[in-house]
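Take a walk through this structure with the sequence at hand. Start at the sheet, then turn to the charged pairs.

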Amino acid sequence: MKVLMKGNEAIAEAALRAGCECFFGYPITPQTELLQYMAKKLLKSGGVFIQAESEVGAINMAYGASSCGKRVMTSSSGPGISLKQEGISYLAGAELPCVIVNIMRGGPGLGNINAAQSDYFQATKGGGHGDYKVIVLAPSSVQEAVDLTMKAFDLADRYRNPVMILGDGMLGQMMEVVEFDENYEKPCVEKPWAVTGERNRPKRVTNSLYIVPEELEKHNFKLKEKYKKIEENEVMVEEYMTEDAEVLFVSFGMCARIVKSSVNKLRQSGEKVGLIRPITLYPFPKEVLGKYADSPAVKFFIDVEMNLGQMLEDVKLSVAGNKEVYFYGRTGGMVPTVDEIMEFYFSCKKQKV
């Protein structure tokens with residue numbers, strides 16, 4: 001059945017259908033509707049909802065509930081996610097599954113409540129301390145936000161790792177028609193590490209503290225092997241009109257929808273352009289970009305983001321100097337238009353002539 005839902009509420013409903021048992025959060029625009037929806041619905045389904053005293057409190061409550069083997073979610077935006085970074089590092093270090101939603105807003109500092117993509121570094125490079133990674137999923141529609149939220153819980157359990165849904169204020173606030181997978185069944189995942197009360201068995205401890213350097217190094221190498229498996233198995237990317245493309249745009253999330261409209265208009269005028277849209281920001285689809293960079297048919301790339309060029313670094317590393325990479329970005333809550341992107345394309349093309 002198709003229903004019309006706001007992005008934030010659709011993500012919350014998807015979490016409930018994925019078996020989310022506990023939600024801990026704190027209000028902040030533009031993600032507050034997610035928290036409100038969970039407050040209304042989660043208790044009715046027998047789950048636990050707590051509006052914490054702060055974002056710091058919320059992420060540590062998520063740590064505790066995840067330690068007990070529960071499916072857990074928290075959400076915030078911008079400054080709130082910054083406050084959660086220590087707890088996210090603890091979750092990754094203790095190998096605890098958790099789904100974290102960041103509906104990005106303008107920054108730095110308090111910034112504003114408009115849509116932005118300036119939390120890319122924070123999400124993909126590890127915003128907290130230590131050698132760790134968070135799986136990062138970037139939806140570009142409300143339907144995809146639904147699908148990726150349900151997938152996020154499965155990934156978190158499969159890899160015992162935090163998973164972040166990286167949306168923005170447009171995605172959170174817009175309304176679109178969505179369908180939920182009525183046949184979804186929560187996987188039966190054994191959690192022999194969960195702290196469920198010591199009953200005739202050895203005690204269990206969830207912990208990220210390793211005082212002995214040799215033990216911490218061993219743990220970090222173990223995490224590295226897990227991240228390698230994630231990079232090998234979980235890359236998701238959309239390749240749009242790339243077969244005969246001479247110029248490739250790269251963009252993610254809601255910004256990629258605008259770029260796709262530009263690609264369509266440019267195609268109508270005879271321009272051979274395409275779009276590569278990373279759906280997983282970590283793991284990043286570097287091999288896909290590298291494949292096109294090696295192609296003699298592709299002349300250059302254009303990275304378009306709603307920030308000052310954060311994904312640009314990953315694009316350039318993937319292209320490995322084989323092709324020129326141009327960048328167009330808007331920041332501070334400003335959104336690029338189809339015409340702006342087309343105009344920038346023609347200016348880049350002129351430079352290459």
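**Sheet and salt bridges**

In this predicted model, cysteine 22 has valine 72 of strand 4 as its bridge partner. That contact belongs to the pairing of strand 2 (residues 22-25) with strand 4 (residues 72-76), which is parallel and spans two bridges.

Now widen the view. The two strands sit in an open sheet of seven strands, ordered 3-2-4-5-7-6-12, with mixed pairing. Strand 3 (48-51) and strand 12 (280-282) stand at the edges. Each has a single partner strand, so one side of each lacks a neighbour in the sheet. From one strand to the next, the twist averages 20°. Helix 5 (residues 85-93) lies across strand 5 (98-104) and strand 7 (162-168). Its direction makes an angle of about 140° with strand 7.

Next, the charges. The whole structure holds 22 salt bridges. One of them joins lysine 260 to glutamate 238 at 2.7 Å, N to O. Lysine 260 is in helix 10 (residues 253-268) and glutamate 238 is in strand 9 (residues 237-240), so the pair ties together parts 22 residues apart in sequence. Lysine 260 is partly exposed, at 24% relative accessibility.

Strand 9 also supplies glutamate 239, which meets lysine 291 at 3.3 Å, N to O. Lysine 291 lies in helix 11 (residues 286-293), so this bridge ties parts 52 residues apart. Glutamate 239 is partly exposed at 34%, and lysine 291 is partly exposed at 45%.

Another salt bridge pairs aspartate 339 with lysine 265 at 3.8 Å, N to O. It links helix 13 (residues 338-352) to helix 10, with the two residues 74 apart. Finally, salt bridges with shared partners join Arg71, Asp154, Asp157 and Lys191 into one network.

Technical notes: Residues are numbered from 1 along each chain as its sequence is written. This is a predicted model: local features need pLDDT of at least 70, side-chain atom pairs count only at pLDDT 80 or more; totals for chains, interfaces and linings use all residues. Side-chain values use heavy atoms; hydrogens and water are left out. Two strands pair if DSSP finds at least two bridges between them. Helices (H or I, at least four residues) and strands (E, at least two) are DSSP runs, numbered from the N terminus. Axes are lines fitted to C-alpha atoms, for helices over the stretch in contact, and angles run from 0 to 180 degrees between N-to-C directions. Contact means heavy atoms within 4.5 Å. A salt bridge is a side-chain nitrogen of Lys or Arg within 4 Å of a carboxyl oxygen of Asp or Glu. Buried means under 20% relative accessible area, exposed over 50%, partly exposed in between (1.4 Å probe, protein chains only).
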